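User: I am new to this structure and would like to go through it in questions and answers. Please start with whatever term I need first.

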Amino acid sequence: MDSLKIICPNGHLGFAPLRVESFELGVAARPDYIAADSGSDDVGPVPLGSDTSTSPESWQRHDLEHMLLAARKLGVPMVIGSAGDTGSNSRVDRYVAIIQELARQHGLPRFKLGYFYSEVNPQALRARMAQGAVVRGLDGFADLTPAELDATDRIVAMAGVHPYLRLLEQGADVIIGGRSSDAAVFAAPALHHGFAADHAYYLGKVLECASFCAEPYGGKETVMGEISRQDVRATAMHPQQRCTIASVSGHAMYERSNPYEEFFAGGKLDMSDCHYEQISERTTRITGSRFLPDERVRVKLEGAGKVGERYVGLCGIRDPYTIAHVDAVIGWAREQVKARFGTTGYELHYNVYGRDGVMGALEPLRDQPGHELCIMVQGVAPTREMAEEVTMIGLRQMFYARLPDVKGTAGSVAFPLDEVLHASPAYRWTLNHTIEVDDPMALFSTHLVEAGI
């Protein structure tokens, strides 16, 4: 092949439904693959720890149905990575079942359905550690200890291109992937067809978030990536969007601690010498990316562990004096919780929106709060009953806070709801680590079945 075209209709499949109009334009351009990533740790540790998805299944089914029908009509492969937000085994199984159900529903001729699992057995990981394997922490995480492993409910390994390549080599028409690098979903087909890793991995990087690499901003619109022996090209499918030098290069730096590097199982994409060229109104050409292979393969591990049950409460503050002394109000409420439960065995969190609810201590305007504040109170404890009471005290006692110079008795905190609300259990990230493997497939198992009639 002189070139290969892949369309991506959604940067996080199922998180919000794909936009049908631009997707149909992408399909009309006759791509060689239709692919999308369905996972992210941006959604926090709850989905992985609780083994759930963050979005309604109907939204996920919507995207899978549009992609499957288009791929089968064109006779091209369809590739999905990190099924159901986390790529856990149950999410992969559910996506496989949805594909099989859709194939029967639409009477699709039989095709090969490949999938792979990414979950890592904690006991198997413990055995590796006992044999001397070091599970290295990333981004400030300490190396993994047995205690942190004990606190972990579920672990997934982040696959690179390797399981996708194996399934493509076996002739899979549809692939449902476990937890994976976003870019690997797109890089693997390019590598499978013999294109250079230098370009293949950049193709994955530019397509991973679909229309995030285009302007003006518009979520869930389809983008096409085309790889050749010389370059990568990104084209917006929506008539009102453009892939520009600024939008494409900006996305290359998106979510990077180093804007010129992206790491994979087996190597690193170096974008420091990339050159961007506007070759048409909606298309940008990219050259100069390099893939630097590692001598040893390290695979990223993600793990989550349950902290406790959680309740949430809300209140608003409009009184200027109370706003000026909001930390004292929160401090008073904390002391009342402490008087009831002591200092350990629970967590109590306050988010002050209108002051620093988004950025916390990093907020540069923290000393300039708005004219009204919204405070979200979260209480976490081992049982629902205790979490509810922690939250209730932490919320209601703000109403009774004793501040100097307050003369009235009506209180200066308003409650939009009298009750506190039961929320999802609280989880935390326990693993953000890497482990060295002799075989890049060591943590992944592939499977091939048939679907259709």
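Analyst: A salt bridge here is a side-chain nitrogen of Lys or Arg within 4 Å of a carboxyl oxygen of Asp or Glu. The model is a predicted one. By this rule the count comes to 28 salt bridges.

User: How many Å apart are the closest N and O atoms of E57 and R61?

Analyst: E57 and R61 are four residues apart in helix α3 (residues 57-74), so about one helical turn separates them. E57 is partly exposed, at 33% relative accessibility, and R61 is also partly exposed, at 22%. The two residues form a salt bridge, and their closest N and O atoms are apart by 3.4 Å.

User: Which residue forms a salt bridge with R126?

Analyst: The closest N and O atoms of this pair are 2.7 Å apart. The pair links distant parts of the chain, with R126 in helix α5 (residues 122-130) and the partner in helix α6 (residues 146-150), 24 residues apart. R126 is partly exposed at 26% relative accessibility. The partner of R126 in the salt bridge is D150.

User: Is D150 buried or exposed?

Analyst: Exposed means a relative accessible area over 50%, and buried means under 20%. The value for D150 is 54%, so D150 counts as exposed.

User: Which strands stand at the edges of the open sheet of three strands?

Analyst: The order in this sheet is β10-β11-β14, and the pairing is antiparallel. An edge strand has a single partner strand, so one side of it is left without a neighbour in the sheet. The edges are held by β10 (261-264) and β14 (290-293).

User: Which residue in β11 stands opposite F263?

Analyst: β10 pairs with strand β11 (residues 267-270) over four bridges, in the antiparallel sense. The residue in β11 that stands opposite F263 is K268.

User: Which residue forms a salt bridge with D273?

Analyst: D273 lies in the loop between β11 and β12 (275-280) and its partner in strand β14, so the pair ties together parts that are 17 residues apart in sequence. The closest N and O atoms of the pair are 3.9 Å apart.

User: How many of the 21 residues of strand β15 are buried?

Analyst: In the chain of 453 residues, 51% count as buried. Strand β15 (residues 297-317) is largely enclosed by the rest of the structure, because its buried residues number 16.

User: Over how many bridges do β15 and strand β19 pair?

Analyst: β15 has several antiparallel pairings, including four bridges with strand β6 (residues 154-157) and nine bridges with β17. In the pairing with strand β19 (residues 426-437), K300 has T434 as its bridge partner. β15 and β19 pair in the antiparallel sense, and the number of bridges is eleven.

User: Which residues are linked with K300 in a network of salt bridges?

Analyst: K300 is the bridge partner of T434 in β19. In the salt-bridge network, K300 is linked with D41, R179 and E302.

User: What is the area of the nonpolar surface patch that includes L362?

Analyst: L362 is in the loop between β16 (347-353) and β17 (373-381). L362 counts as exposed because its relative accessibility is 68%. Together with Y353, V358 and M359, L362 makes a nonpolar surface patch of about 450 Å².

User: What is the radius of gyration of the chain?

Analyst: The chain holds 13 helices and 20 strands. For 453 residues the globule rule gives 22 Å, and the value for the chain is close to that, so the chain is as compact as a globular protein of that length. The radius of gyration is 25 Å.

Note on methods:
Residues numbered from 1 in each chain as written. Predicted model: local features only at pLDDT ≥ 70, side-chain atom pairs only at ≥ 80, totals over all residues. Heavy atoms only, no water. Pairing = 2+ DSSP bridges. Helix = DSSP H or I, 4+ residues; strand = E, 2+ residues; numbered from the N terminus. Patch = residues over 30% accessible without salt bridge, like charges linked within 9 Å, V, L, I, M, F, W, Y side chains within 5 Å. Areas by Shrake-Rupley, 256 points an atom, 1.4 Å probe, with all protein chains shown as cover. Buried < 20%, exposed > 50% of the residue type's maximum accessible area, 1.4 Å probe, protein only. Rg over C-alpha atoms; globule rule 2.2 N^0.38 Å.
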